[in-house]
Amino acid sequence: MSPETVQQMKRRADWLRANRDRLTIDADMHPTDPDAVPAECARRMAENPDYFHTRPLLSTNLIGRLDAAGIDAGLCWQNPAMVPYTSDQAENARLLTLSNRRIAELAARHPTRVIPAGWTDPKALGVSAAIALARKCVSDFAMSVVKMNPAQNAYPIDDPMVLQVVDAIVETGAIPAFHFGADTRYTPTEGLETVARRHPGHPVIAVHMGGGGGHFVDSEPTYLSARAAGLRHPNIFYILSAKRDAHFVSDLIAYSAAGAPFCNNIACGSDAPYADPVFHFAGFRALFADLANGATHPDPRLRANPGLFDHRMVRNYLGGNFADLIVAAHDRILDRL
């Protein structure tokens, strides 16, 4: 790791440590450099202003969206829809490396607004290249989180090739992260638990907490099993995004009622551009205001404990929990140099 990368990590950890009690952090954002938008996506958007599915959040618009939503910083990783894979694993590695580099450059331009996170893929790149890219994300790009998306490229979350990459990420001190949703068969709750058990003292991030793009009814069993799994495995850290809001409520009440460490294992996110951060964080704030008025809430757990969502609990969910997670990862990485 270069001295410059070390200093980037130290500065980010120090900033998060000093400001964790006031920060609102969107823990799931996918900005894209304007020059990286695929021609087909640009064509569709030009032809149809209502076309949305791969409409990017341009990096040039990111700070404006953060400001509009009252968000201090966003955890940013690349948008997989903007990096169409080929049949050539070496080319895929080149494309994904470039996409990660652009996120790192965005963070360098906005060090107090962007928390950079990496992305790798053992199927599209091959295991060796995926491990090399994960290590590069940490050592060259100052990223303390590296994500894989089994749903995107159709591989099981607990496949042996995935576990090899997880081991390599953990070895650096960084945090392995996954798209974890009910939208495909590749990320069942049992598979996430296999990953969590592999390194029980090390955090693993499960983005969407079983949500993703699944049908509401079909997703229900995963929503419920995900909630229970996190209460069995204190090293699972969930990002609430791309999930039904009614289940956000149940998740937050269950984890708050369980107390530490579980109430420290959830953060809020938008999944922008697949959801609007302005809408979501306005909703989160209104939800927390409602939960804080526990004496009149219909949930019996809140009526029994009307002070459960005090100011500190709410601040932790809006940013403090995630800041602590990233600071600890930065410290681990730097301690292992």
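User: Where is Pro261 found?

Analyst: Pro261 sits in the loop between helix H11 (245-258) and E11. Helices (H or I, at least four residues) and strands (E, at least two) are DSSP runs, numbered from the N terminus. The model is predicted, with local features needing pLDDT of at least 70 and side-chain atom pairs counting only at pLDDT 80 or more, while totals for chains, interfaces and linings use all residues. Residues are numbered from 1 along each chain as its sequence is written, and side-chain values use heavy atoms, with hydrogens and water left out.

User: What makes the bond from Ala260 to Pro261 cis?

Analyst: Look at omega: for the peptide bond from Ala260 to Pro261 it is near 0°. A cis peptide bond also joins Ala272 and Pro273, where omega is about 10°. Pro273 belongs to the loop between E11 and helix H12 (277-292).

User: What makes the protein chain as compact as a globular protein of its length?

Analyst: The chain has 14 helices and 11 strands. Its radius of gyration is 19 Å, close to the 20 Å from the globule rule for 337 residues, so it is as compact as a globular protein of that length. The radius is taken over C-alpha atoms, and the rule is 2.2 Å times the number of residues to the power 0.38. Buried residues make up 58% of the 337 residues.

User: What is the largest nonpolar core, and which residues touch the most other members?

Analyst: A nonpolar core is a set of buried Ala, Val, Leu, Ile, Met, Phe, Trp, Tyr and Cys residues joined through side-chain atoms within 4.5 Å. The largest has 104 residues, and Ile205, Tyr238, Phe288, Phe309 and Phe322 touch the most other members. Helix H14 (residues 311-335) gives the largest share of this core, 12 residues. Apart from it lies another core of five residues, including Cys41, Met45, Tyr51 and Met82.

User: Which residues is Phe288 in contact with, leaving aside its neighbours within four places in sequence?

Analyst: Contact means heavy atoms within 4.5 Å. By that test Phe288 is in contact with Leu252, Cys268, Phe309, Val314, Tyr317 and Leu318.

User: How do you know that Cys76 is in no disulfide?

Analyst: A disulfide is a pair of cysteine sulfur atoms within 2.5 Å, and a search of the whole structure finds zero of them. For Cys76, the nearest cysteine sulfur, that of Cys137, is 14 Å away. For Cys268, the nearest is that of Cys263, 13 Å away, and Cys268 is in no disulfide either. Cys268 has 0% relative accessibility, so it counts as buried.

User: What joins strand E1 (residues 25-29) to E4?

Analyst: Two strands pair if DSSP finds at least two bridges between them. E1 and E4 have three bridges and run parallel, with Asp26 opposite Gly74. E4 is also joined to strand E5 (residues 114-116) by three bridges, again parallel, and Leu75 stands opposite Ile115 there. In E4 (residues 73-76), Ala73 and Leu75 point one way, Gly74 and Cys76 the other, and all are buried.

User: What makes the β-α-β unit of E4, helix H4 (residues 89-109) and E5 right-handed?

Analyst: A crossover is right-handed if, with the strands pointing away from the viewer, the path from the first strand over the helix to the second runs clockwise. The unit made by E4, H4 and E5 is of that right-handed kind.

Key: Buried < 20%, exposed > 50% of the residue type's maximum accessible area, 1.4 Å probe, protein only.
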